[in-house]
Amino acid sequence: MSIFDALMHGFGVAMQPMNLLWALVGCALGTAIGVLPGIGPALTITLLLPVTVSMSPTAAFIIFAGVFYGAMYGGSTTSILINTPGESGSMITALEGNKMAKNGRGAAALATAAIGSFVAGTIGTVLLTVAAPTISEIAFVFGPAEYFALAVLAFTSVSVVLGTSILRGLVSLFFGLALAVMGTDYQAGLPRLTFGVPELSDGIGITIVLVAMFAVGEILFVASRLSQDPQKLIEVNGPIAMSREDWQRSWKPWLRGAALGFPIGVMPAGGSEIPTLLSYTLERRLSKKPEEFGHGAIEGVAGPEAANNAAVAGVMVPLLTLGLPTSATAAVMLAAFQNYGLQPGPTLFTSNPELVWGVIASLYIGNLMLLVLNLPMARVWVKLLAIPKPHLYAGILIFSLVGVWGISQSWVELLALGLLGLVGYGFRCCSVPIAPALIGLILGPMAELQLRRALAIGQGDPLTLVASPIAAGLLVVAALLLLIPLIRFVQTRRLETSTLPAG
Amino acid sequence: MTSVVKSSPTRRPSRWGLPAGVLILGAVLLHEATDLPLAQAYAGIGPGFFVLAIGLILTALGLALGYQVMKGTTFEPEETEGADVSRPMSWTGFLTAAAGVFLPVALVGYAGFPIGGAVAYALVTRAYGSKRPLVDVVIGFVVTSITWFAFTKLGVQLGAFFPPGGF
């Protein structure tokens, strides 16, 4: 079956009325949580998990994908109108977008963000359609050693890339790995780190950790440092549209943003922060009017917005083809696959083509829906911000309690939710990134399993881990990611000391 | 950027908490690893191997963080939407919200999800500056009751509506 046939088959699945409805639900929900503070796509998908267990996996993943894409659209609206990025990928948009809104060009900023997101999201999805089956073919040669090396690469890259300090990124990663080894060891049947608590014998639920770190940690942190400044929402008058000049200045940044966002999204530890930042820097350098940057340059909105949506499509590639999550949201989606007893990877394309291609096709449809939901209706979504803060955060706690209490009605799990929430609070107080902990928690068991398998195949010889060129190459890249910042650090140190005047 | 900022003598945000926490976690893992077999026949490594490795690395990370703190690094809080990180921490806000998180641990089991949730709801609104606790409890009860009915309908088990009443 060619890619085109497979995709058409996927459209057949995605165009079923119920699946269209689910795509709409996902897109609307995603836009809403993108606009709202305190709740992001990873947390939303986690809280949806107990609700979606009774649905077919295809319907569930159509919703999840809609949430993932929709959050990016919603995040840009608040970045532009009130200078509060709802999502980390929209941080850069706030720089220029909010300035544009203050200068009375909010409508053009919203338009270039929404249309750019659509253009880049669609380009990204086309690239995903072409790249995913090809990469999944390559992945068939992957054995335990390669999968272990891949996990190590994901570990090091998320720790190095996300957050402000490598040391704290690693702390987060190993905290997640420590949680991952909790529970009964599957090979020897021995309890590990269960401290005699029977509820821990199955390990700690991913839902609990996620809800605790993202929702509870955030509720506690914001409550302890509540901002007293009222948010200033900038009114936008007139239709949300762009002038001819805006189009001329926007289309190239859209394409360049997509070209940056997709490949970086595909890479381990891609995420959407780095491509948006790179796109912003690039547009600033290429602009004919660099002096406008910092005062509301439309290129500075168009490029990064395109980049973050293309990156989302990119993140889906390693997730679907290798089962490798490269962002917090992708990690939750991997956990959702595992809930259904599905293992994303090369075999998923042959064993569940309905699911994979249905979801990919729904990404095209979802992008179009999001354009319609966001371009004329941006003002409607902003109304969500009228929900008073106290009730918004209290509501988030209620949904968190549903997410955990709904699993097994156990007070031990509610206690774990609170305690891990305190850890999440501590992470925020010290700027320790949370995503590496999730990747560690979710990929940890896979890494351990594959390491044991690889060593069992090699009869305990550690050299089997680097016997294949792919595994060795991945491990070398992982090592370089850790070593390069270290070498740079030592070099700058040396420079500083050598340039200091003697005495 | 919130990374390496030299500490000023007047303001001292959390400094030793992070390295201490990481060292304690590392120690717990190392202690657990002593009870687990490191090697296993055929498999090469046993269940203790990962625990030991993670424990050792966490200990090393804790020491490195401690060294950073000695050199004067402080760990600044993360910029978060709705929070003003330049303000000093409010213990009242934190403890009220924490009460909202921890009270349901006991309350939801005995009084049911709607009532336990309503109390948590009111505590969080209080922590976020609402001054009408009774109104908030009522709103909270409405929210949790609707949530209870909706999720029970969707097939999520949230226990009895009001266990002492038996329904």
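Me: Over which residues of chain B does pLDDT stay under 50?
Reply: Residues 1-11 of chain B. This is a predicted model, where local features need pLDDT of at least 70, side-chain atom pairs count only at pLDDT 80 or more, and totals for chains, interfaces and linings use all residues. pLDDT is the predictor's confidence in each residue, from 0 to 100. Residues are numbered from 1 along each chain as its sequence is written, with chains lettered from A and ligands numbered from 1 in the order in which they are written.

Me: How many contacts does the model have for that stretch beyond four places in sequence?
Reply: 15 contacts, where a contact means two C-beta atoms, placed from the backbone, within 7 Å.

Me: Where in chain B is confidence lowest, and where is it highest?
Reply: It's lowest in strand 1 of chain B (residues 5-6), with a mean of 42, and highest in helix 4 of chain B (residues 113-127), at 95. Helices (H or I, at least four residues) and strands (E, at least two) are DSSP runs, numbered from the N terminus. Chain B has a mean pLDDT of 85, with 89% of its residues at 70 or more.

Me: What ipTM does the predictor give the complex?
Reply: An ipTM of 0.90, along with a pTM of 0.89.

Me: Switching to Ala127(B): buried or exposed?
Reply: Ala127(B) is buried because 28 other C-beta atoms lie within 10 Å. The cut-offs are 20 or more other C-beta atoms within 10 Å for buried, 12 or fewer for exposed, and partly exposed in between, with C-beta atoms placed from the backbone.

Me: And what does Ala127(B) touch?
Reply: Leaving out residues up to four places away in sequence, Ala127(B) touches Ala223(A), Gly93(B), Thr96(B), Ala97(B) and Gly100(B). Ala127(B) sits in helix 4 of chain B.

Me: Last one, how many helices and strands does chain A have?
Reply: 20 helices and 2 strands. Of its 503 residues, 62% count as buried.
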